[in-house]
Amino acid sequence: MPVNSALSTYSDWTYGAAVAVYFVAAVLYLCEAVFAKPAKAKARELVAAAGGSRSDGTWTPGLVVEERRSRAERLGSMGLALTVLGALLQAVSLVLRGFATARAPWGNMYEYGSLLTLAAVVTWLVLVRVFPVRRLGGFVLLPIVVLMFLGGTVLYADAAPVQPALQSYWLVVHVSVISVSSGILLVPGVASVLYLLKSSGRARFAKLPDADVLDRLAYRSTVFAFPLFTIGIICGAIWAEAAWGRFWGWDPKETVAFVSWVVYAAYLHARATAGWRGRPAAWINTLGFALTVFNLFFINLVTTGLHSYAGVS
């Protein structure tokens, strides 16, 4: 089926717009993190404001006064709004690429990376509503911006039909689940790195959220992503048996994916064990994060294997 070049062009435009919007949002988040007051200082201000002043200037204990949002909080709110806009643009980009090629829009590294980063952004938007970690948005979005920039330049592939080996319904099932679960796992990876910084006790990291919040954020998001990652690996084995006549062949990507699975299983076990909670568990999750990024780039672009479908010339 011929490719719709107009829809493909619109897809590229919305992708580029999403990258630009994410970058601006990341800058706003970082400004919020820089100008925000540490939690202890804010708590002292709230205690001091236990009384309130009427319009005539008289002070009344216990009077509720409408709290003005600080400049940092307004910047953070703007960054969050732009993040939502960027996610919508990126989703539209994927949909347009799918209509342009009449297939699932994750058949090469460019498209795969777009779905992965979109999953990470959506995960972040959900977690922001559950945990008070909005000011960390810059640390989450900057790696996403870098990944999307590389995807739109170095890894970019023109809209085209996929290779015959990928023309299967398993492309929709296996690749989408692996991509989404890997994108979700990027967020707890960043959270674990920040947890290690926060728990170091250095004053320069005082503005980061409490270590307990970062620890719970990393654990809960990993608990959600791990079953999806497991399903993705199982579906890949079933597809491998149908395509190559074996469930497992120690292909480089298969091997690193399995090692990553073992590391994340070890993290969940360590997080549930009293003696391994805290920094030891965070180090394990950080290792899983590093393996995920390694498997995304190095395995696809450097090594040669049965999963070499990067679509990069």
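Hi everyone, let's start with tyrosine 156: at 26% relative accessibility, tyrosine 156 is partly exposed, where buried means under 20% relative accessible area, exposed over 50%, and partly exposed in between, using a 1.4 Å probe and protein chains only. This is a predicted model, where local features need pLDDT of at least 70, side-chain atom pairs count only at pLDDT 80 or more, and totals for chains, interfaces and linings use all residues. Residues are numbered from 1 along each chain as its sequence is written, and side-chain values use heavy atoms, leaving out hydrogens and water.

Back to our tyrosine. Together, tyrosine 110 and tyrosine 156 make an edge-to-face aromatic pair, 4.9 Å centre to centre with 70° between the planes. Rings of Phe, Tyr and Trp (its six-membered ring) pair if their centres lie within 6.5 Å; planes under 30 degrees apart are stacked, over 60 edge-to-face, the rest tilted. Tyrosine 110 is in helix H4 and tyrosine 156 in the loop between H5 and H6, 46 residues apart. Helices here are DSSP runs (H or I, at least four residues), numbered from the N terminus. Ring pairs join Tyr15 to Tyr110 and Tyr156 in a cluster.

Now, helix H1. Tyrosine 10 and tryptophan 13 sit three residues apart there, so about one helical turn separates them. Tyrosine 10 is partly exposed at 42%, while tryptophan 13 is exposed at 58%.

One last stop: the charged end of arginine 271 sits over the ring of tyrosine 219, 4.5 Å from its centre. That label needs NZ of Lys or CZ of Arg within 6 Å of the ring centre and within 35 degrees of the ring normal. Thanks, everyone!

How values were computed:
Helix = DSSP H or I, 4+ residues; strand = E, 2+ residues; numbered from the N terminus.
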